[in-house]
Each structure stands twice: as C-alpha cells, then as structure tokens.
Amino acid sequence: MAKREYSFYPGCSSQKKASADNYLRSTYTMCDALDIKLNEIEDWNCCGASIGYAGGGEIPRIALSARNVALSAQQHPQQDLVATCAACWLSTREAQERVQHDATVKAGVNAALAEIGLKVEGAEPKARHMVEVLIEDIGYDELSKGVTKPLEGFKIAGYVGCQTNRPFGIDGESFENPKYLDKMIESVGAQAVDRYDKKVACCSGALMFSEPEKGQALVRDIIEAAYDGGADMIVTPCPLCQMNVESYQSDINQKYGTKFEIPVLYYTQLISVAYGQNAKKSALDGQIIRAPKLEDLANK
Amino acid sequence: MSNMNQAMIEKYRSNFLKEVEANVEEGEWVKMCMQCGVCSGSCPLGPHWAHPPQEIFMMIRAGKREEVLSSDSMWMCTSCYNCIARCPRGLPITHIMHGLAVYAKRLGLVPKKQPTAEFGDIFWKSLASNGRVNELKIGLGLYFKDGFGQGVKNAMAKKDLGLAMQKTQRMNPMEFFGGHKLKDLSGFQRMLQKAQEFEEQQLVNVGGKEA
C-alpha cells in the first residue's frame, strides 16, 4: 500500500493530449517516486476556471466545483481532494467557502446537485494543491533526502504566478514574496534565482486568448526578469502560467525584437528528474522549448 | 435595450448602489470601498481600464449606471486576485468586477465584440456541452468568431504553435470530433440547468423587492 493516498482532480488541461499533458505525466511519475497514490475522481467536470464566470454567473459556476467535491467525498471518503491546476484548486476552495458562508448559494447549489442525487456541506473534503502535499505532508527535508540526481549547476526562476498564491495561498507564505517554490528548487539541488521580482506577476491568464497583445506584454516582463536573474529555466506550479510563458515566446520575439528561448517547466518535472526518472517519464519531451541540459541529466 | 434593463432602471431609479447591492455578486461590499486606490495600482492590466476598480466603486455610488455597466473596464480583469490580497478593507474586488461584468451582460449592455466577453461565452458553451473544456474547439471558436475569412487568417498566423502543441502531444486534432466528455453528461446538464434557473429566479426575487 502506498504511503499516502489522495483523491485526485487533474482538470481539463491535464487530460491525455491536452495542453498540460506533460504536467499530468510528470505528476504521476513524481507521485510514483514519492510513493503517493492518486485516485482520480471518476467523471469529474470542469471547474469553470477564471473565465467561467462570464458565461455561467454565480450559482452555475459554483455548482461545477460542488459536483466535484461531492463526487470526491462519495468515491474517496477520508481523502483530501488534491488538484494540480491552480484554477481547479482555487475554484474548488472558493466554492466550498461560498457554500459555507452564504445560505443562498448553498441552497441554490444543493438544489442543482439534488438533480443528480448529490449534496455538499462546505468544509469537507479538504481541497489542496499538489504543492501543499509536497510542502506540508512530505516536507522539504524528506523531499531532498530522496534525490538521487541533484540538479547541480541549474539556476531556476521560481515563477509562482497568481492563483496558487492568491487569494488563498500556501500556509505560512506571504502573498508578495512566497518562498515555497524557491525552497522546492533548492530541495532538488538546483539554485533558485534570488529576488526574482516577477515571481507573483500575472501572465494574463485567460486574457492571453482574448487580449493577446496585452497578455504578451506581461509575459515579456516575466521572462526578462528571469533572464536578468541569470536563469537557465523557469519553473511553475500552474498549467496556464506554463502555457502562457512558454508558448508565445516566438510571438514576443517577433514583436519586441527579443531573443527569448527559455524552457518553462513544472516542479513535477524537476522532482521526477531529481528522483532518477528518465526524460521521457519526466515528460521533458512535452516541452515546446526543450531543456536539453536537463534531458541530458535525466538520461545519464 | 433589454426588458430586464428597463425593469431595473425603473425599480432602482436613482439608486444604482442599491441595485448593485441587490443584483451583483458580492455587491453589498461596494459601499465599504475607502478610495485608497491600491486595487487600481495593483492591477496587471490597470492602464487598460477606462475606469479602474476604485473609480468604478465611486461611480456606482455616484449613480453612474450607464457609464459603469456599458464600460469594458471590468472585462480587463485577469483574475489575478492582487486587488483582493491587498485591499485594506478586504473587499472581494475580483468577484465584484466579475459580478458587474455578468450583470451588464444579462442586461444586454456589454460593448459589442468585447473579446473577453465573447471568449467567456465560447468557454462556457464548451464546458456546458461536454462537461469538460475542449481546448481545440475553444481555440478554433476564438479564431473563427469574426467569420471564416478572418478565422483562416488567425489560424494560419498560429499554425506554428498548433503544430508544436501537436508534436509535444499537448493537442489532439481528433478532439474536433468530440473529445473528452462526461459519462453522466445528461445529469451534469440537468444540474447546470437547475443552477441557472435558481440564479435567474434569484434576480427576479431580489430585483423585485422594494428598492
């Protein structure tokens, strides 16, 4: 039996051949290496993400997450609900908070859930982000003990972004200068960029699609600050941050005359490599901008 | 102008703050704004708001109904939650902005072709029809929202990205023919239907109370 078990909510981007396929694959690899068993919530649905409000309003949007919460409790009682996507985690927590504190929302959501024989109360199960599992249940020390291939010689900018940081954030961390990602980078033997000033800046989220010029201007600054700090790579806990910061670099180069070509990875990939998993298992082949130095280390 | 808009104008004549308190998500917080401006200064797209949040709050209190609801300001919100994290009074500003945007939409006051409003609709339709978002279809939906000719141009401009996503196994062209969806899709849709009815009824009930 695995040492730890969680009810797992991967989210739309972490499905097979979706935009964070590499996040999903490296999450499973990392969890295997850490002896964590993920029990996927069967038939989970989209959380609405940060743009769902525009089409769905309040009650339908909250009902989305409430359904996932109720399914999780039904299928995996006693297990925390763990999300890897920042928006999934945020939406789930937000829904639970609203249901707990707003009687009208609770009535509306439960009326909707009654259609499918489900119900929510509010606080249970506890909704957590995967980074919380790593920090709180495992801890930096234990994390670094299992490292077989330290990422020596890598300098990495820890790009936390918005939604794993605000409004809920990680216990014990500040909103303005959270250190958890830097500590995680150091736990696997790499060097974190010190004073990475864009670590909690916004990548423009869903507005990258609807307002691409405004979005790309924000991402330009995030990447520039990483280069200024001497980074070889950027690492992030959020699938939309990853996508936005990685995949528009050539557009940004064209528009601003920059020469950006910096890999943007997930913490799950760093940990997988540091735990001795090869490049494929660590999903390094899922990068649009490849990280050859890291691939070499992984395959050594 | 929609009937609902006309009904709300008559109901709340000259008291836009009350209208917002009754009908907008988290609207009861608006009066708590102390006009410090931290939200406006913290917004990543701040310079692009015709009226940044602090100004929106003051305009609501000053009864500038038309100017607020037909503004595209609220649609500049990226949901970064900086304003919420920093507001000294703890106003849930992100949600109020979302709430105002949705309320304006219900009343038919959103500026035509507002791209984020359009994208929001495409996104919601995708998730409502399958229970999960179809990334390929929302991408194409966005490219082709202004017609076929423009769509082809947009798709061509993004073809390198599309190919790169396919090559890295992060996009599947077959998603076009269905894609990931829920097993209990009919139950899911009944749930959403019920939630929508509840929300609409809520607006009628609350909106119908004495102003």
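**Prolines, phi values, helices and an interface**

Colleague: Where is P125(A) placed?

Modeller: This is a predicted model. In it, P125(A) sits in the loop of chain A that runs between α5 (103-114) and β4 (127-129).

Colleague: And the peptide bond from E124(A) to P125(A), is it cis or trans?

Modeller: That bond is cis, and its omega is near -10 degrees.

Colleague: What about the bond from R166(A) to P167(A), cis or trans?

Modeller: The bond from R166(A) to P167(A) is cis, with omega near 0 degrees. P167(A) belongs to the loop between β5 (155-158) and α8 (180-187) of chain A.

Colleague: Turning to phi, what value does D43(A) have?

Modeller: D43(A) has phi near 65 degrees, which is positive in a residue other than glycine. Its place is the loop of chain A between β2 (36-40) and α2 (52-56).

Colleague: Why is D43(A) classed as partly exposed?

Modeller: D43(A) has 18 other C-beta atoms within 10 Å, so it is partly exposed. A buried residue needs 20 or more, and an exposed one has 12 or fewer.

Colleague: What is phi for R195(A)?

Modeller: Phi of R195(A) is near 50 degrees, again a positive value in a residue other than glycine. R195(A) is found in the loop between β6 (191-192) and α9 (207-210) of chain A.

Colleague: Is R195(A) exposed or buried?

Modeller: R195(A) is exposed, because 10 other C-beta atoms lie within 10 Å of its own.

Colleague: Now helices. At what angle do the axes of α1 and α13 of chain A cross?

Modeller: The axes of α1 (residues 21-33) and α13 (residues 267-274) of chain A cross at roughly 40 degrees and come within 8 Å. At that angle α1(A) is therefore oblique to α13(A), since angles under 35 degrees would count as roughly parallel.

Colleague: Is the crossing of α1(A) and α13(A) left-handed or right-handed?

Modeller: α1(A) passes α13(A) in a left-handed crossing.

Colleague: Which residues of α1(A) and α13(A) meet there?

Modeller: From α1(A) they are Y23(A), S26(A), T27(A), T29(A), M30(A) and A33(A), and they meet T268(A), Q269(A), I271(A) and S272(A) of α13(A). The contact of α1(A) with α13(A) has 6 polar, 4 nonpolar and no charged residues.

Colleague: On to the two chains. How many residues does the contact take from chain B and from chain A?

Modeller: Chain B gives 53 residues to the contact and chain A gives 52 residues. On the side of chain B that touches chain A, the elements with two or more residues are α6 (82-86), α7 (93-106), α8 (115-130), α9 (135-143), α11 (159-167) and α12 (185-208) of chain B.

Colleague: Which element gives the largest share of that side of chain B?

Modeller: It is α12(B), with 11 residues. By class, the side of chain B that touches chain A divides into 26 nonpolar, 15 polar and 12 charged residues.

Colleague: How many helices and strands does chain B have as a whole?

Modeller: Chain B has 12 helices and 0 strands. Its C-alpha atoms fill a box of roughly 55 × 40 × 35 Å along the principal axes.

Colleague: What percentage of the residues in chain B is buried?

Modeller: Of the 211 residues in chain B, 44% are buried. Among the contacts in chain B with a separation of 6 or more, 62% are between residues 24 or more positions apart.

Technical notes: Residues are numbered from 1 along each chain as its sequence is written. Chains are lettered from A and ligands numbered from 1 in the order in which they are written. This is a predicted model: local features need pLDDT of at least 70, side-chain atom pairs count only at pLDDT 80 or more; totals for chains, interfaces and linings use all residues. Helices (H or I, at least four residues) and strands (E, at least two) are DSSP runs, numbered from the N terminus. Axes are lines fitted to C-alpha atoms, for helices over the stretch in contact, and angles run from 0 to 180 degrees between N-to-C directions. Angles under 35 degrees count as roughly parallel, over 145 as roughly antiparallel, 65 to 115 as roughly perpendicular and the rest as oblique. A crossing is left-handed if the near helix is turned anticlockwise from the far one by less than a right angle, and right-handed if clockwise. Two residues are in contact if their C-beta atoms, placed from the backbone, lie within 7 Å. Ala, Val, Leu, Ile, Met, Phe, Trp, Tyr, Cys and Pro count as nonpolar, Asp, Glu, Lys and Arg as charged, and the others, Gly among them, as polar.
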